[in-house]
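Subject: A structure for you to explore

Hi there,

Here is the structure I promised to pass on. Have a look around it first, and then read my notes below.

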Amino acid sequence: MKIISTKFGDLKLIEAKQFADKRGYLREIYKKNRLKKNLIFHYFAQSKKNVFRGFHFQEKNQQEKLVTVLEGSILDMCVDLRKNSKTFGKIFKVLLSEKNKKSIFIPKGFAHGYLSLSKFNLVYFQNSNYRDKKQERGIIWNDIDLNIKWPYTNPIISKKDKLNITFKEFVKRHKYL
């Protein structure tokens with residue numbers, strides 16, 4: 001397992017070790033002695049092609065996340081919402097796939113989302129805190145100020161995510177996380 005630093009401070013890319021033979025493979029995703037995080041809440045999401053989920057964050061009870069693609073590929077994106085961060089309001093984007101064996105560790109203070117690129121995508125999440133529905137918030141996927149260049153112009157988005165606020169509205173209401 002190789003941990004790679006980014007210009008976004010504690011946001012890290014992780015290259016997994018994979019051991020393959022004629023039977024298949026075994027991939028190491030997380031080692032507590034290397035990442036030194038207590039990831040207590042695990043789940044996975046399945047999405048078809050062109051689905052966007054996000055940009056989600058919890059106002060209180062924030063979560064650190066380790067995101068790994070088990071099948072398919074996604075364009076994973078994070079918006080930095082941290083006070084006094086040099087990258088506040090900036091987007092970090094990375095392609096995660098079963099083939100490139102990369103994961104992303106997202107610290108507290110980021111909104112997270114991803115666009116499914118393959119016909120079938122299975123994404124595994126490990127979190128440092130439990131989901132708190134009452135604290136869930138989001139930033140709208142196509143916010144003009146975030147200036148994201150999308151590979152698709154009309155992604156499939158949930159009713160809930162269509163109601164997410166703009167980044168400017170986030171700053172007005174919350175200032176930062």
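Which side chain meets D21 in a salt bridge? The partner is R23, with 2.5 Å from N to O. Before going on, please keep in mind that this is a predicted model.

**Salt bridges**

Side chains of opposite charge can pair when their charged atoms come close. The structure holds ten such salt bridges, and I picked out a few for you.

Another salt bridge links K37 and E64, whose closest N and O atoms are 3.2 Å apart. K37 sits in the loop between α1 (32-35) and β5, while E64 sits in the loop between β6 and β7, so this pair ties together parts that are 27 residues apart in sequence. Is E64 buried or exposed? With a relative accessible area of 13%, E64 is buried, because buried means under 20%. K37, at 25%, is partly exposed.

R131 and E136 form a salt bridge too, and here the closest N and O atoms are 2.4 Å apart. R131 is partly exposed, with a relative accessible area of 47%. Salt bridges with shared partners bring R131, E136 and K160 together in one network.

**Strands and sheets**

Strands of a sheet pair through backbone hydrogen bonds, either parallel or antiparallel. In this model, five strands make an open sheet with antiparallel pairing, and their order is β9-β8-β11-β6-β13. At the edges stand β9 and β13 (136-138); each has a single partner strand, so one side of each is left without a neighbour in the sheet. On average, and ignoring direction, neighbouring strands of this sheet are turned by 30° against each other.

You can follow one of these pairings in detail. β8 (residues 73-80) and β11 (residues 110-116) run antiparallel and are joined by seven bridges. If you find D80, you will see F110 of β11 standing opposite.

Now take a look at β12 (residues 120-127). Why is this strand largely enclosed by the rest of the structure? Six of its eight residues are buried. β12 pairs with β5 in the antiparallel sense over eight bridges, and with β7 (residues 65-71), also antiparallel, over six bridges.

Most residues other than glycine have a negative phi, and most peptide bonds are trans. Which residues does a cis peptide bond join here? They are G54 and F55, with an omega of about -15°. F55 belongs to strand β6 (residues 52-58).

There are also residues with a positive phi to look up. N50 is not a glycine, yet its phi is near 75°. N50 lies in the loop between β5 (41-48) and β6 and is buried, with a relative accessible area of 18%. K101, also not a glycine, has a positive phi of about 60°. K101 is in the loop between β9 (91-97) and β10 (102-106), and at 25% relative accessibility it counts as partly exposed.

Enjoy exploring, and write back with any questions!

Best wishes

Key:
Residues are numbered from 1 along each chain as its sequence is written. This is a predicted model: local features need pLDDT of at least 70, side-chain atom pairs count only at pLDDT 80 or more; totals for chains, interfaces and linings use all residues. Side-chain values use heavy atoms; hydrogens and water are left out. Helices (H or I, at least four residues) and strands (E, at least two) are DSSP runs, numbered from the N terminus. Buried means under 20% relative accessible area, exposed over 50%, partly exposed in between (1.4 Å probe, protein chains only). Two strands pair if DSSP finds at least two bridges between them. Axes are lines fitted to C-alpha atoms, for helices over the stretch in contact, and angles run from 0 to 180 degrees between N-to-C directions. A salt bridge is a side-chain nitrogen of Lys or Arg within 4 Å of a carboxyl oxygen of Asp or Glu.
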